[in-house]
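Student: Could you walk me through this model and the molecule it holds?
Tutor: Gladly! Let's look at it together.

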Amino acid sequence: MSNALLSSLPQRVTVVEVGPRDGLQNEAGVVTTADKIRFIDLLSAAGFPVIEATSFVSPKAVPQLADASEVMAGITKRPGTRYSALVPNAKGMERALAAGLREVAVFTGASETFVQHNINTTIAGSIENFRPVVEMARGAGVRVRGYVSTAFGCPYEGAVAPDAVLRVCEMLLDLGVDELSIGDTIGVGTPNQVVELTALLTSRVPLDRLAMHFHDTRGTALANVLAALQMGISIFDSSTGGLGGCPYAPGASGNLATEDLLYLLHGLGIETGVNLDAVVEASRFLAGVRGKAPASRYYAAATAV
Ligand code: HMG
Ligand code: MG
């Protein structure tokens, strides 16, 4: 590629598939444990380097994922895929360790009101809740990711200052997390914000420890990915079919669809190691379970007759 902006893009991207977690956590209808296991097995077959499979959160907060332990016990783990799960506190970490997890993710946010709704504490309180989680992880050699939600805007507070995002990132790094995922929880971000926030964060955080987690609520997710790629980001979260949202973020629609992300990345000549056709098959399976067509634009094009 001759264009200066395109020639500097990463050659390889890690796609973190969050559909079984971020997607299913928001699903109103019952998805059986067996169907979750089949979905994850199909995703494993597609070759994802990382699959966020479930959440060890309070079953009262997210009833859909109450079967986290059974799901982890039932899936066929593919060598080459790392399986992760959300963990909000020590109790969740005990369950995750008992289920054999080698990677977990703690999650907080850049706006107090969202954090209060999501995990019933303050930002500082969430960091204290994560302290034993990270200590237990260190002891067991488990990798820890830290999510920072509402990094581009909050459903309750509106605009969020980039400095507020940086502060929370630094708190998580001080705690000892290995990677940060910066969440546009309600899909309000635009590429200029991505450039501004990434420039600020990379002044303090190594590029290879930063992931971007876009929701496509207002159709800006792929434009944001391109902006982030141009800033050197090489880890992106997405959800097969574009499933999902956050139960504690009114109006949040699905994540960026994995099919759409892969089409963009592969078209740009960027390697992911993920088989797009196999992702469409996983999406087709879940569409049958849900009785609904996925939001993914690529899926609609690929399955049109
Ligand atoms: P709480 O009510 O303040 O906590 O909830 P608590 O410690 O008082 O516990 C209440 C009850 O839950 C107790 O049971 C605990 O034992 C139980 P009871 O005595 O009433 O029978 N409990 C647990 N059970 C199983 N596993 C656990 C656990 N912890 C407590 N780990 C808490 C606080 C954080 C637990 C709760 O609010 C919670 O689980 N929240 C999770 C919410 C959630 O999963 N949100 C969606 C994920 S975040 C997201 O989607 C954003 C992201 O995608 C990035 C982005 O897009 O921005 C990551
Ligand atoms: Mg999310």
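Student: How many residues surround ligand 1?
Tutor: First, this is a predicted model, where local features need pLDDT of at least 70, side-chain atom pairs count only at pLDDT 80 or more, and totals for chains, interfaces and linings use all residues. Residues are numbered from 1 along each chain as written, chains are lettered from A and ligands numbered from 1 in written order, and side-chain values use heavy atoms, without hydrogens or water. A residue is near a molecule if one of its heavy atoms lies within 4 Å of it. The closest ones are Gln25, Lys60, Asn120, Ser149 and Thr185, and the residues around ligand 1 number 28.

Student: Which element gives the largest share of the shell around ligand 1?
Tutor: Helices (H or I, at least four residues) and strands (E, at least two) are DSSP runs, numbered from the N terminus. Those giving two or more residues to the shell include helix 2 (19-23) and strand 5 (143-149). The largest share, three residues, comes from helix 5.

Student: Which residue has a polar side-chain atom 2.8 Å from a nitrogen atom of ligand 1?
Tutor: A polar contact is a pair of N or O atoms within 3.5 Å. The side chain of Asp22 has an N or O atom 3.0 Å from an oxygen atom of ligand 1, while Phe56 uses a backbone N or O atom, 2.9 Å from a ligand nitrogen. The residue with the 2.8 Å distance is Asn118.

Student: What percentage of the area that ligand 1 exposes alone does the protein bury?
Tutor: Accessible areas come from the Shrake-Rupley method with a 1.4 Å probe. Ligand 1 exposes 1100 Å² when taken alone, and the protein buries 73%.

Notes:
A polar contact is a pair of N or O atoms within 3.5 Å; within protein, one must be able to donate a hydrogen and the other to accept it, and residues adjacent in sequence count only if both atoms are side-chain atoms.
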